[in-house]
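Subject: Structure for your review

Dear colleague,

Please find the structure below, followed by notes on what was found in it. I would be glad if you read the notes with the model open beside them.

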Amino acid sequence: MRKTSVILLSAATGAALTLFVTQPRAVFMGSSARAATSDTYRQLNLFGDVFERVRSDYVEKPDDSKLVESAISGMLTGLDPHSSYMDAKSFRDMQVQTRGEFGGLGIEVTMEDGLIKVVSPIDDTPASKAGIMSNDIITNLDDEAVQGLTLNQAVEKMRGPVNTKIRLKIIRKGQDNPIDVTLVRDNIRVRSVRARTEGDDIGYIRITTFNEQTTEGLKREIANQTQQIGDKLKGFIIDLRNNPGGLLEEAVTVSDAFLERGEIVSTRGRNAEETQRRAAHPGDLTKGKPIIVLINGGSASASEIVAGALQDHKRATLVGTRSFGKGSVQTIIPLGSGNGALRLTTARYFTPSGKSIQAKGIVPDIEVLQDVPDELKSRTDTKGEASLRGHLKSEGDEKTGSQSYVPPDAKDDKALKMAADLLHGVKVNATAPATGDKAAIDKPANKAAN
């Protein structure tokens, strides 16, 4: 039996939400089905005729494999915005992204003026141990100049098998001469969960994506914050803003971390027998502490599952703006060695109360709009899932997306302040659910970890 991976794909960046299922389907063909099949074969013959005509008459000799890949891509992208064909490299990249673990150096980098700039080294990795610093400029990789490479090409060169070496040439501000560093690649885990103490009595936990490391990271940070703050702990703020999605299993286990019982999410395919329900298990890691969840127009897919589950069970108060509205499930179907995979929309997902968020989003309990700098307003307006060409239609009226700006300085973050006030018991005026329909989805940052 072939293993396939079910994914809820984020609209914003292509992160995925996964489970492993598949069963062969029995086919019982009646006369109408046979007629439909006959018509299908006629259409396939038409495809074959066009394929041969292109091969023989196009002005330049085409690559047969590229023609087939393009035909497959066209078929899938014509279905909806989230179905697609992944070639072998794209499939490998997706697997690395969802694992959140790879052989590399442990640095987050970005592209600046054609060179690679270090955003930050990841703690306890080859990069941090070798003394690589934020704002270092990488000019060469194994004596090959970085100039002319794309960010993805440079990242791919820095990643590689564990225990293999790579030489970096670095320019550092304040140093007259370039620095040569030889690093040995190690197993790197992407930090999808970060935490800090807000004030001296609130645990703030930011989840940036849902990969295979997320639930483990969440458990660790809840334990750390609980121990660090001690008896003063008022509650937790879970920040899901601009989190584009991730693995379905991680969305379920993250929700389960705060729930004692009840349904978390259901997925419903074309046929009723394909419906699956996921339920919580006893054991709230926070021991009933109050929870505020921050969402905005960039919260999509897995983020919406968590927000919807905690809201429906009244386990958390949602603060911010309406989420993106990505409520469909994609199944990743490997096509064999070297052939990539299909990413096919196979189901919709529903919150515990039976609501579909497809092209609607999750509406927060308390709407908080941020003050957006004038120079950014024109670059952050969009309308979420409902604006995507060919999107699956919602059950009922569709809704636009919402604001997704998050101030870089926490002191300017109105949603964060509202969350802290709620946990401190400060009376607030904003008590009505959000109704605004202004949309803004931030573009993904042009940076990568390797």
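A salt bridge here is a side-chain nitrogen of Lys or Arg within 4 Å of a carboxyl oxygen of Asp or Glu. By that criterion E101, R189, E216 and R220 are linked in a network of salt bridges, and the structure holds 26 salt bridges.

Before going further, please note that this is a predicted model, in which local features need pLDDT of at least 70 and side-chain atom pairs count only at pLDDT 80 or more, while totals for chains, interfaces and linings use all residues. Residues are numbered from 1 along each chain as its sequence is written, and side-chain values use heavy atoms, with hydrogens and water left out.

The chain contains 10 helices and 22 strands, where helices (H or I, at least four residues) and strands (E, at least two) are DSSP runs numbered from the N terminus. Of its 450 residues, 45% count as buried; buried means under 20% relative accessible area, exposed means over 50%, and partly exposed lies in between, with a 1.4 Å probe and protein chains only. Taking contact to mean heavy atoms within 4.5 Å, residues 24 or more positions apart account for 71% of the chain's contacts with a separation of 6 or more.

R167 is partly exposed at 38% relative accessibility, whereas D143 is exposed, with a relative accessible area of 62%.

Another salt bridge joins R206 and D239 at 3.9 Å, N to O, and it too links distant parts of the chain, with R206 in strand β13 (residues 202-207) and D239 in strand β14 (residues 235-239), 33 residues apart. Both R206 and D239 are buried.

In the pair D421 and K417, the closest N and O atoms are 3.1 Å apart. Because they lie four residues apart in helix α10 (residues 414-423), D421 and K417 are separated by about one helical turn. D421 is buried, with a relative accessible area of 18%, while K417 is exposed at 53%.

Turning to helix packing, helix α7 (residues 248-256) and helix α8 (residues 302-312) pack at an angle of about 25°, with their axes 9 Å apart; the axes are lines fitted to C-alpha atoms, for helices over the stretch in contact, and angles run from 0 to 180 degrees between N-to-C directions. The two helices are therefore roughly parallel to each other, a term used for angles under 35 degrees. The contact is made by L248, A251, V254 and S255 of α7 together with A302, I305, V306, A309 and L310 of α8.

Finally, A300 sits in the loop between β17 (291-295) and α8, and at 0% relative accessibility A300 counts as buried. Leaving aside its neighbours within four places in sequence, A300 is in contact with N243, P244, G245, F324 and K326. A300 and K326 are 26 residues apart in sequence and 5.7 Å apart in space, C-alpha to C-alpha.

With kind regards

Technical notes. Parallel < 35°, antiparallel > 145°, perpendicular 65-115°, else oblique.
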